[in-house]
Amino acid sequence: MLKPYDVEQAAAEINPVVTKQTRSPRKPKVKKLFVLDTNVLMHDPTSLFRFDEHDLYLPIATLEELDQNKRGLSDVSRNARQASRFLDEIVAGDLDSIKKGLLIKVKDGQQSRGRLFLQTEAINGELPATLASGRTDNQILAVVRSLQQKEPQREVVLVSKDINMRIKARALGLAAEDYYNDKVLEDADVLYTGLRPLPRDFWNSHGKDMESWKKEGHTYYRVRGPLVPKLHVNEFVFDESGERPLYALVKEAANRVAVLETLRDYTHTKNSVWGITARNREQNFALNLLMNPDVDFVTLLGQAGTGKTLLTLAAGLMQTLEDKVYSEIIMTRVTVPVGEDIGFLPGTEEEKMTPWMGALEDNLDVLNKTDDEAGEWGRAATRDLIRSRIKVKSLNFMRGRTFINKFLIIDEAQNLTPKQMKTLITRAGPGTKVVCLGNISQIDTPYLTEGSSGLTYVVDRFKGWAHSGHVTLMRGERSRLADHAAEIL
């Protein structure tokens, strides 16, 4: 009796073609073709290099709009000029290479796997008669439809930052997407908060071989366990389940070993900062960062009334006037109006910035009233001294500056783009501390969202660095009216 493998071998000798398993050739992966709208290039000129192995297509209408927007000193105009420079570097071949597609060379000398196609001939895609043919948006939609018909074997996608443009494209049966590469996070709810509650069984699972010691008023714990790989340096951890709650900072986290440092209690009046004490857990965490000389960069997020500006100013005044750590406080913010602009403002740079700095004056009034023993004359002298040490600067004149031994406060940082944020933070010289304040749910700048804001960008990029820290303030302390309004409106 033949065994199964003998039967297979005999069949193979008689007719090897029948028994041999022939593999169907693997189909090559079809590259997508992305048609770029002008606003994508004006939003991010480097978008040309961010589509990996897929191909790009630029209609003539996009190039025309790019040319029309290149004049001026705004960020949009600068981006349009930069996009044109990038295109000039790519488009260096003859007409044949343009028709076949130009290799996109990335800035570090490598070559991307995609190609760039330019519209070299007139395209008259059929669109409904109600769409005006003279409009640039409709010309781009006609190009997308024509490419879809010409290349049915691959997906043709329109990429645009214009919501109405994407809606029109989908209504016409065309694939359309937003430009996502500039977004750090899709959902702001998963943004790093800077604090982590410890599980109830933390000491049982991490207390084995634990080491503990005291140094300069702080208690340190060296722990090992499954939670350690998830911890970031300068992240706050807390355990409020026991009789004595634990509030600590992660000083080290590497190789499944973490060192926790207990915090200074700024909720107690003996540790008050310029007469201000922390009213809740997150404010205590924030003051520990603001008063720590080893932390050069601090980001504070929170809704209106959580105390971001007040805590930062109190810490800045304490370290500038009392401890002499910094020579002066510099405060700046983006001048984006909530409503209609009121027109030109008279005076010097500082006088022009005064209407934007109402928050500074309000908080200085609060800080000036904390000294009850000084009397009216004493408070007036203190107010003059404080104003002499606080400089208000405009963002427009920051390029090329270097701040040495300064306490730099960037207010309303959620309205900054990542590029503007980089420009500001790189102004910091030796001994300078930079503090960014903002509320990502109140963005007034067009084209910026919670995911693409410069504040979200730096929070995500700086987490885990030994000289930076972040806290998201949860609880409002302004008034019961402000807290209720923030919740229900």
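Which residues of helix 15 (residues 418-425) are buried?

Modeller: Those are Met421, Thr423, Leu424 and Ile425. "Buried" here means under 20% relative accessible area, with over 50% called exposed and anything in between partly exposed (1.4 Å probe, protein chains only). Before going on, some ground rules: this is a predicted model, where local features need pLDDT of at least 70 and side-chain atom pairs count only at pLDDT 80 or more, while totals for chains, interfaces and linings use all residues. Residues are numbered from 1 along each chain as its sequence is written, and side-chain values use heavy atoms, leaving out hydrogens and water.

So what do the buried residues of helix 15 pack against? Their partners are strand 13 (297-302), strand 16 (406-411), strand 17 (433-438) and helix 16 (454-462). Helices (H or I, at least four residues) and strands (E, at least two) are DSSP runs, numbered from the N terminus, and contact means heavy atoms within 4.5 Å.

Zooming out, the protein chain has 17 helices and 18 strands. Of its 489 residues, 44% are buried. Look at the contacts with a separation of 6 or more: 66% of them link residues 24 or more positions apart.

Now for helix 11. Gly316 sits in that helix and counts as buried because its relative accessibility is 0%. Setting aside neighbours within four places in sequence, Gly316 touches Ile329 and Phe407. Gly316 and Val273 are 43 residues apart in sequence, yet 9.4 Å apart in space, C-alpha to C-alpha.

Helix 11 also has a helix partner. Gln283, Ala286, Leu287 and Leu290 of helix 10 meet Leu311, Thr312, Ala315 and Gln319 of helix 11. The residues of this contact split into five nonpolar, three polar and no charged; Ala, Val, Leu, Ile, Met, Phe, Trp, Tyr, Cys and Pro count as nonpolar, Asp, Glu, Lys and Arg as charged, and the others, Gly among them, as polar.

One last stop is Asn39, in helix 3 (residues 38-43). Asn39 is buried because its relative accessible area is 12%. Leaving out residues up to four places away in sequence, Asn39 touches Ser160, Lys161, Asp162 and Tyr447.
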